[in-house]
2 protein chains.
Amino acid sequence: MVYENIGIVGATGAVGSIIRQLLEERNFPYKTITFLASKRSAGTKLTFRGEEHTVVEMTPDAFNDLDLVIGSTPDETAQEFAPWAIERGCVVIDESGYWRMDKTVPLIVPEVNPEAIKDHKGLIASPNCSTTQMVVAMQPLHAAAKIRRVIVSTYQATSGAGVAGQAELTDSSRASLDGQAYDRKTFAHPIAFNLIPQIGGPKHEGYTSEEMKMVYETRKIFGDDSILVCPTCVRVPVTNCHSESILVETEKPLSAAEATQLFRDFPGITVIDDLANGQYPMPLGCTGNDDVYVGRIRKDLSCENGIAFWCVSDNLRKGAATNAVQIAELLVNSAATV
Amino acid sequence: MVYENIGIVGATGAVGSIIRQLLEERNFPYKTITFLASKRSAGTKLTFRGEEHTVVEMTPDAFNDLDLVIGSTPDETAQEFAPWAIERGCVVIDESGYWRMDKTVPLIVPEVNPEAIKDHKGLIASPNCSTTQMVVAMQPLHAAAKIRRVIVSTYQATSGAGVAGQAELTDSSRASLDGQAYDRKTFAHPIAFNLIPQIGGPKHEGYTSEEMKMVYETRKIFGDDSILVCPTCVRVPVTNCHSESILVETEKPLSAAEATQLFRDFPGITVIDDLANGQYPMPLGCTGNDDVYVGRIRKDLSCENGIAFWCVSDNLRKGAATNAVQIAELLVNSAATV
């Protein structure tokens, strides 16, 4: 067993707590497990597999005896702790945005580019939530018909801004219904009964950082810089699960029936698509699940080789925790088979 | 004065009440005004320009002495009353979906195709709310660079489903926050903190009736069946104002700066576009206004001749009442100049 001593960095956060739950549920193999967090959360007691654990402060020496950590922290925290871990021979699977576009760091969605894991130098990145569900949905179509262009408009939940984002939606919605003022902390504009067409700061020619992640990360994951992506990222008053209206143009034409069958046959995708009976994925129904949900699959009316569809996934799970744990499983299994 | 005796059919509805307000505000010329509604609402007292009016039941003979009516009613009501009015020499401006695609009926957005009014045979239709704001935004780019293709994903408010839709969002949001069950009446799925990627019934190859309106009506308004439109219509938990993520491909390339200037110069469009300072149109800020708001204007990253932008408009005003009143003004002015 190469990765005997594992850890979670950011164990007390929204994604960290789902990572803990997934390691339990999926019976992840390990000998010891350590929960790390910032000084502020160190000392917190957590129960894992019926045993109480005390959260340890994330210091360089905290990584001394660890073989593998999954990190879900802000970018600046990941920038700090990853080198500490790597120097001590501990492999890092990082959920943050900080290392993703580093040329030495594989960026992995196990359903799409598992082979990239062999090139890791101690650090493996997991993509941004809005990218992950999109590339999973793209993969079966790309394998069959080569995707050349993607036009995507997102409908992103407040949980993407953490526990504070979820709380702001709930609290400000109640204030709005009661006709009370609300003092915003997380979002730049009111989110209750409103839409905010900006996620992240300005990044490139009128596009936001969130939008450019969808461009750059998609190309890196597919290993194909010729894939063109035009994204629009919008925050919506939904608590959890990101939704995306996606149009792909493929080199080879696909019928809606062919695209549907490709989605159905792909592990990690669940198709819900019966418009006549009002069946399609919606955020409320997808929350708490690991799959990427696809529906409203149809031929583009504006281009011969286009397929339009609607894609929903739990951004805290497949968009974050689940993908990171799947990378850890991939790492453990590839070490076991070497 | 050709149109001395005017009326509003559906005067007590959500759009009808805004039509009344606009006729007051805009000082619409008339000698007598009559408010018509279904049997259920007949007898209701309304105040207009400081005078009390009793709502009249919509019967064939109610149109005997009217020259012009603006109707905002369900499709089946419009199907019934329009012939009664026309037979009696009363011109109808109809907000409903029933007559829009009739070949003998001009479908008008005054900023786009005012000239079509000269062909009317007693009935003029106003487009669907999601179409109207889109074609207004398209018009300056189309005039300058000819739009060949539109990809649009909508974020549509519950007011599009009338007063009942607005109430259902408010009541079900409160129930959700209180952990109470809610008995839905208007929407097929929960709308509180959720998204419903279906508006209207199945219509054409996996597209809904709402989506196909955006295809057919756009072509009819521009008088160009070669314009390709790929729409995705989604109901969002927003009370009022529809938003749209739009990508247009033009025959002639446009820079983002050129597109922005074209939008700025166009009457009926207000540009709010300063990403660095977090300024763009949002539903809460646009409600109650007549303009079509445009922001997030940028070059498509996936096609040389593409412009992406974000468009918000009050679906009860420009999407319905305002456009109908503007058509009435166009009619009155063209009669005055003949």
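Buried area is the accessible area (1.4 Å probe) that two parts lose on being put together, summed over both. In this predicted model, about 5,200 Å² is buried between chain A and chain B, and carbon and sulfur atoms give 61% of that area. A:Phe193, A:Leu195 and A:Leu301 supply 14% of the area that chain A buries against chain B, more than any other three residues.

**Contacts and symmetry**
- Contact, meaning heavy atoms within 4.5 Å, links 60 residues of chain A with 60 residues of chain B.
- Chain A is superposed on chain B by a rotation of 180° with 0.0 Å of shift along its axis (RMSD 0.0 Å), using least squares on the C-alpha atoms of residues with pLDDT of at least 70 in both.
- That is the relation of a two-fold axis.
- The same surface serves both copies, as 100% of the contact residues of chain A recur in chain B.

**Polar and charged interactions**
- Eight salt bridges are counted between chain A and chain B, each a side-chain nitrogen of Lys or Arg within 4 Å of a carboxyl oxygen of Asp or Glu.
- A salt bridge joins the side chains of A:Arg149 and B:Glu249, at 2.6 Å from N to O.
- The side of chain A that touches chain B comprises 34 nonpolar, 16 polar and ten charged residues; Asp, Glu, Lys and Arg count as charged, Ala, Val, Leu, Ile, Met, Phe, Trp, Tyr, Cys and Pro as nonpolar, and the others, Gly among them, as polar.

**Conventions**
- Residues are numbered from 1 along each chain as its sequence is written, and chains are lettered from A in the order in which they are written.
- Local features need pLDDT of at least 70, side-chain atom pairs count only at pLDDT 80 or more, and totals for chains, interfaces and linings use all residues, while side-chain values use heavy atoms, with hydrogens and water left out.
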